[in-house]
Amino acid sequence: MSRVLIIEDERDIVTGLRDAFEHHGFEVRSAHDGDQGLRLALTGEADVIILDLMLPKRDGIEVCRELRERNVQTPIIMVTARGEEADRVTGLEIGADDYMTKPFSTRELIARIDAILRRTTREDTQLEQVRIGDATVDFTKYVIIHGSERHSLTDREMHVLRFFLDHPHEVISRNRLLTEVWGYDAYPSTRTIDTFVYRLRQMIERDAERPEHLLTVRGVGYKLVP
Ligand code: CA
């Protein structure tokens, strides 16, 4: 069972989140000020931390910074009230993983927690090598070996490929790739995706012009058939 720590001084919000999280199957702990939150977070027992920005005793930025300085790498989703946008950048700079502005939808928050949990558990259990057709992807060395050819992958190419591998046979829209691989804020054009896919095809397909694995779904996006 995944454990979520809520650090938030508004009791109504805590109550609402607790109900929704427990209903979703999370185990919940909560703290109502920065000191108590930091203490609980430092135990390392939480899988994800929901961290409010404005808190009594010690604010969210301080809590986040302190945790990272002490090498606690628990994923953190920062939550701020509207009008505190300027703090957003700071939050991400000091090591928060995601960010939401109040009032937010609980469903959206849960979706983001799930995404973070998938990412972190996946990194723990990820196979180092995966085969796609004749090609072998080596995630530790950032290379694709295809016959006698050896292609180096950039970090972003690796993430795109990993995303496809995590959702085999699923039709993935360009927008979804942009959101989930590039992030919520960076929006390169969807053509960027096409360029990435073309390059990946050159590495994994026998014939990039007639792909057998990384297929185009017309009008929507792509899907991977490994
Ligand atoms: Ca607050």
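Predicted model: local features only at pLDDT ≥ 70, side-chain atom pairs only at ≥ 80, totals over all residues.

Biologist: How many aromatic pairs does the structure hold?

Modeller: One. F21 and F26 form it, and the pair is edge-to-face. The centres are 5.8 Å apart, with 75 degrees between the planes.

Biologist: Are F21 and F26 buried or exposed?

Modeller: Both F21 and F26 are buried.

Biologist: New topic. Which protein donors does the calcium ion have?

Modeller: D9 and D52 each give OD, and M54 gives O. These donors lie 2.1 to 2.3 Å from the calcium ion. Along the sequence, the donor residues are spaced D-x42-D-x1-M.

Biologist: Where do D9 and M54 lie?

Modeller: D9 is in the loop between β1 and α1, and M54 is in the loop between β3 (48-52) and α3 (60-69), so the pair ties together parts that are 45 residues apart in sequence.

Biologist: And is M54 buried or exposed?

Modeller: M54 counts as exposed, at 51% relative accessibility. The cut-off for exposed is over 50%. D9 is partly exposed, with a relative accessible area of 30%.

Biologist: Back to β1. In which sense do β1 and β2 pair, parallel or antiparallel?

Modeller: Parallel. Strand β1 covers residues 3-7, strand β2 covers residues 27-31, and they pair over five bridges.

Biologist: What is the bridge partner of V4 in β2?

Modeller: V28. From β1 the chain crosses through helix α1 (residues 11-23) to β2. This β-α-β crossover is right-handed.

Key:
Residues numbered from 1 in each chain as written. Heavy atoms only, no water. Pairing = 2+ DSSP bridges. Helix = DSSP H or I, 4+ residues; strand = E, 2+ residues; numbered from the N terminus. Right-handed = clockwise from strand over helix to strand, strands pointing away. Donors = N, O, S within 2.8 Å, 3.2 Å for Na, K, Ca; no water. Buried < 20%, exposed > 50% of the residue type's maximum accessible area, 1.4 Å probe, protein only. Phe/Tyr/Trp six-rings, centres within 6.5 Å; stacked < 30°, edge-to-face > 60°.
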